[in-house]
Amino acid sequence: MLSHDISARGQVLLLPDKRANVSVLMGGTVQSIHVTYGQRVRKGTVLAHYTHPAIIEVQQNYINSSLMLEVMQQEFNRQESLWKEKVKSDKEFQQVKMEVMKAKAEYSAARAKITMMNLDVESLDRGEISSTAPIVSPMSGQVEDIYVALGQYVDVSVPLFLVIDRTSPVLQLKVFEKDIHLIEKGQRVTFSSSTSAEEEYEAEIFNVGSVVDQDARIIYVMAEISNPVTDLVPGMFLASTIHTREQYLNALPESAVVIENENVNAPGQQQGILPCPVNLFFSEPG
């Protein structure tokens, strides 16, 4: 397997779906924190609890809408029986039907809010209201950073925790403008990290940038690591080689290549035979 190799430097990155900035859906005061730096967590793990009167109101609305839907459903069943017996007119029955549909919509909206706030629906169905709401991890990974403290008031969209998943890092490589035409998706990349320069790993290009950086005259190439590497840390710099135009060719090792020259002799060698200091490759027969 021979190729035209291109050297490229780059760094280890995490894809956007491997990083999570955790925040809240409504403002509140942090009541408890249950994790620390570097702790491994699973998707759904409770990171903290916060409180606010609006949290109680959301739960109250859910319970009220649930009870209202139950009452309206019973009334609808009663009106439907009367309608089938021709006791109620079509207009009266349609009015009751519309009210039931409205109650269902209000219940579904209230339940969606409860789910988005990670509140316990089963407890609410039993009439149990909590004064706090949990802040949960949206993914499995490691708690990389904590931006909040006990008693702090947190607002919507302000990051409170950073959770990262380091199990599937990718490579971001810098390729000079003059080599862009040689780079394609699916090409093999070999690289080594600064912590284990003697070991070589493989990756495969899955995305080639389409815009040239105007200052450095480079494009960014993304590669997916083929074999697991445990010592790679996001942000780490590395050296790599992109193998372009790979193909199987007939080739000879240097020790097997000689030239005939009747006019030149080397000490200790048979007359007319000298080693050739280069490799000889054959890309085509003859």
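**Exercise 1.** Is arginine 126 buried or exposed in this model?

*Solution.* Take the cut-offs: buried is under 20% relative accessible area, exposed over 50%, and partly exposed in between (1.4 Å probe, protein chains only). Arginine 126 has a relative accessible area of 54%, so the residue is exposed. Glutamate 128, at 40%, counts as partly exposed. The side chains of these residues, arginine 126 and glutamate 128, meet in a salt bridge (3.4 Å, N to O); the term requires a side-chain nitrogen of Lys or Arg within 4 Å of a carboxyl oxygen of Asp or Glu.

The model is predicted: local features need pLDDT of at least 70, side-chain atom pairs count only at pLDDT 80 or more, and totals for chains, interfaces and linings use all residues. Residues are numbered from 1 along each chain as its sequence is written, and side-chain values use heavy atoms, without hydrogens and water.

**Exercise 2.** Which residue forms a salt bridge with aspartate 179?

*Solution.* The partner is lysine 178, with the closest N and O atoms 3.2 Å apart. Next, classify each residue. Aspartate 179 is at 11% relative accessibility, so this residue is buried. Lysine 178 is at 60%, so that residue is exposed.

**Exercise 3.** How many salt bridges does the structure hold, and where do aspartate 165 and lysine 18 lie in the chain?

*Solution.* The count is 6 salt bridges. One of them joins the side chains of aspartate 165 and lysine 18 (3.8 Å, N to O). Aspartate 165 is in the loop between β9 (161–164) and β10 (170–176), and lysine 18 is in the loop between β1 (2–13) and β2 (19–22), 147 residues apart; strands are DSSP runs (E, at least two residues), numbered from the N terminus. Both aspartate 165 and lysine 18 are buried.

Conventions: Helix = DSSP H or I, 4+ residues; strand = E, 2+ residues; numbered from the N terminus.
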